[in-house]
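The following account leads the reader through one protein chain. Please keep the sequence and the structure in view while reading.

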Amino acid sequence: MSRSGRGPSMADVAREAGVSGQTVSRVANGRSNVDEATRERVLAAMRRVGYRPNSAARALRNGRFRSIGVIISALSTFGNSRTLDAVASAAAREGFAIVLMPVSRPSQGEVSGAFSRLDEQAVDGVIILIEQHELDQSEIELPHGLPVVVIDAGGRRDHPVVDFDQASGATAATSHLLDLGHETVWHVAGPPESYAAERRRKSWQETLEDAGREVPPPLTGDWSSRSGYEHGVRLAGDPAVTAVFAANDQMALGLLRALHEKGRSVPGEVSVVGFDDMDEAAHFWPPLTTVRQSFDEVGKRAVAALLAGMSEEGAPKAISVPTELVVRSSTAPPAHRRGADTRAPSQGRE
């Protein structure tokens, strides 16, 4: 929006592209009688000046299209799929539709291309759900002209960021195991390109260091149950391992299977904590102690922040959503402590 309050016009696009206003109108209305090179030049000019076509035909009386674009990577992961569902539900409650734009990887070309396609869809704002580190690299620049909210990313963004308090969740998981009497806690981490995984790993390590405990080398998984199982086979063979914090519930599930197969009882010999509190976690065997994330709350706050960005009030730059430790039956004091005190802390127990 210009300082005069007038948005970019077709005349602005025509000057930027070096074409006539009639040509811009043809491109904006999807006419076919424009050669491809000229069409691409006009579309590029539209992106540069922040002009969105078809606004007169598609906007409602309040000047909005009532649609929100979502750029997302790794759609198949539990956290992203749950967050997307929460965003869609929150948007629907506000009377907005979702235009989904998946990207295979968060490169400059992929992200810019997704924004270009969303421009053509005429959305009111964009929510970005890309947790990989690449989004925070200096060469990844987000186009201007649309309100943007980023979920689960680094802090270098110039746009509002909504995220779980990953650090406190990982601290709670690690501290719970130490408070039960375990000498140290092993960690099955998520992929290194994930911000969430990196924050959980760092908090686990700092919690052990602050307690003066040995920090075992973290084992890196890929969020899948298979990777949790593979690391679990290794951990099960080490009798010194009595407590493991897995960076998500799916890896914890694979870990539990490996421990069972290798004859290591849970929590009799090894205590296990996960992260996410997926619906199935309460029905693992044994029921899983885990860190609960409220995906519904993240979706609600992300949509609220985007709507605030569309208005004159603006949106806060950082929104942190609390996590909660949920204690179930997969954690207990180590065997050598059980004779003295068999009671586990009851806070948050289900």
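In this predicted model, helix α1 is followed by Gly18, whose phi is positive, near 70°. Helix α1 itself spans residues 10–17, and its buried residues are Asp12, Val13, Ala14 and Ala17. These buried residues pack against two further helices, α2 and α3. An α-helix has 3.6 residues a turn, so residues three or four places apart point the same way.

The axes of α2 (residues 21–28) and α3 (residues 36–49) come within 10 Å and cross at roughly 90°. Because angles from 65 to 115 degrees count as roughly perpendicular, α2 is described as roughly perpendicular to α3. On the side of α2, the meeting involves Thr23, Val24, Val27 and Ala28, while α3 contributes Thr38, Arg39, Val42, Leu43 and Met46. Sorted by class, the residues of this contact between α2 and α3 comprise six nonpolar, two polar and one charged.

Attention may now turn to the strands. Strands of a sheet pair through backbone hydrogen bonds, either parallel or antiparallel. Strand β3, residues 125–129, is mostly covered, with five of its five residues buried. Gly125, Ile127 and Leu129 point one way from β3, whereas Val126 and Ile128 point the other way, and all of them are buried. Strand β1 (residues 67–72) pairs with β3 in the parallel sense over five bridges; in this pairing, Gly69 has Val126 of β3 as its bridge partner. Strand β3 also pairs with strand β4 (residues 148–151), again in the parallel sense, over three bridges. Here the bridge partner of Ile128 is Val150 in β4.

Strand β6, residues 186–189, pairs with β7 in the parallel sense over two bridges, and Ala189 has Thr220 of β7 as its bridge partner.

Two packed helices are described by the angle between their axes and the distance between the axes. For α9 (residues 225–236) and α10 (residues 249–261), the axes come within 6 Å and cross at roughly 40°. The two helices are therefore oblique to each other, and their crossing is right-handed. On α9 the contact is made by Ser225, Ser227, Gly228, Tyr229, Gly232, Val233, Leu235 and Ala236, and on α10 by Gln250, Met251, Leu253, Gly254, Leu255, Arg257, Ala258, Leu259 and Glu261. By class, this contact of α9 with α10 holds nine nonpolar, six polar and two charged residues.

The chain contains 12 helices and 12 strands. Of its 350 residues, 49% are buried. Among contacts between residues at least 6 apart in sequence, 67% join residues at least 24 apart.

Methods
Residues numbered from 1 in each chain as written. Predicted model: local features only at pLDDT ≥ 70, side-chain atom pairs only at ≥ 80, totals over all residues. Heavy atoms only, no water. Axes fitted to C-alpha atoms, helices over the stretch in contact; angles between N-to-C directions. Helix = DSSP H or I, 4+ residues; strand = E, 2+ residues; numbered from the N terminus. Parallel < 35°, antiparallel > 145°, perpendicular 65-115°, else oblique. Left-handed = near helix turned anticlockwise from the far one by under 90°. Contact = heavy atoms within 4.5 Å. Nonpolar A, V, L, I, M, F, W, Y, C, P; charged D, E, K, R; others polar. Pairing = 2+ DSSP bridges. Buried < 20%, exposed > 50% of the residue type's maximum accessible area, 1.4 Å probe, protein only.
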